[in-house]
Amino acid sequence: EEDVRRIALSLPETTEKPSYGTPGFRVADRLFARLREDGESLVVWVADEGEKQALVQSEPDKYFTTAHYDGHPSVLLRGSRIAELTREELAETVQDAWLSRASARRAAAWLAAHPPE
């Protein structure tokens, strides 16, 4: 939880606000990541339903979804896998979620300052 918080709050204009009673992270009041009630998994937004399905199909031991999230551009990251991620992998996951919810202007400015490797 602390790693997710540290990474999320390092992104521009991010605030922490409870969502369903758990820590949620927002950019300009648009939720992009939150810890689930089970205290284990992390909900992260993705660009669209196609990206969600690609993640779930390519890495089902890492990403999953539930009926509650059907038709919603978000995916769940298994808690058991969060601990296995390197700091860079977790940062990339949270940053991608932030990029999917940030305005085009914010996202472009952040990408210009942090070009993909």
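This is a predicted model: local features need pLDDT of at least 70, side-chain atom pairs count only at pLDDT 80 or more; totals for chains, interfaces and linings use all residues.
Buried means under 20% relative accessible area, exposed means over 50%, and partly exposed lies in between (1.4 Å probe, protein chains only).

Residues are numbered from 1 along each chain as its sequence is written, and side-chain values use heavy atoms, with hydrogens and water left out.

**Exercise 1. Classify Glu1 and Arg5 by accessibility, then describe their pairing.**

Step 1. Glu1 has a relative accessible area of 53%, so Glu1 is exposed.
Step 2. Arg5 has 16%, so Arg5 is buried.
Step 3. Apply the salt-bridge test: a side-chain nitrogen of Lys or Arg within 4 Å of a carboxyl oxygen of Asp or Glu. Glu1 and Arg5 pass, with their closest N and O atoms 3.2 Å apart.
Step 4. A network of salt bridges links Glu1, Glu2, Arg5 and Glu16.
Step 5. Side chains of opposite charge can pair when their charged atoms come close.
Step 6. Count over the whole structure. The search finds 12 salt bridges.

**Exercise 2. Locate the salt bridges of Asp3 with Arg6 and of Asp29 with Lys17.**

Elements are DSSP runs numbered from the N terminus: helices are H or I of at least four residues, strands are E of at least two.

Step 1. In the Asp3–Arg6 bridge, the closest N and O atoms are 2.2 Å apart.
Step 2. Both Asp3 and Arg6 sit in helix α1 (residues 2-9), 3 residues apart, about one turn of the helix.
Step 3. Asp3 is partly exposed at 42%. Arg6 is partly exposed at 44%.
Step 4. For Asp29 and Lys17, the closest N and O atoms are 3.8 Å apart. Asp29 lies in the loop between β2 and β3 (30-35) and Lys17 in the loop between β1 and β2, so this pair ties together parts 12 residues apart in sequence.
Step 5. Lys17 is partly exposed, at 39% relative accessibility.

**Exercise 3. Find the polar partners of Thr22 and Lys52.**

A polar contact is a pair of N or O atoms within 3.5 Å; within protein, one must be able to donate a hydrogen and the other to accept it, and residues adjacent in sequence count only if both atoms are side-chain atoms.

Step 1. Thr22 is in the loop between β1 (14-16) and β2 (24-27). Thr22 is buried at 10%.
Step 2. The Thr22 side chain makes a polar contact of 3.2 Å with the side chain of Arg34.
Step 3. A polar atom of the Thr22 side chain also lies 2.3 Å from the backbone oxygen of Leu35.
Step 4. Lys52 belongs to helix α2 (residues 49-58). Lys52 is buried, with a relative accessible area of 0%.
Step 5. A polar atom of the Lys52 side chain lies 3.4 Å from the backbone oxygen of Ser74.
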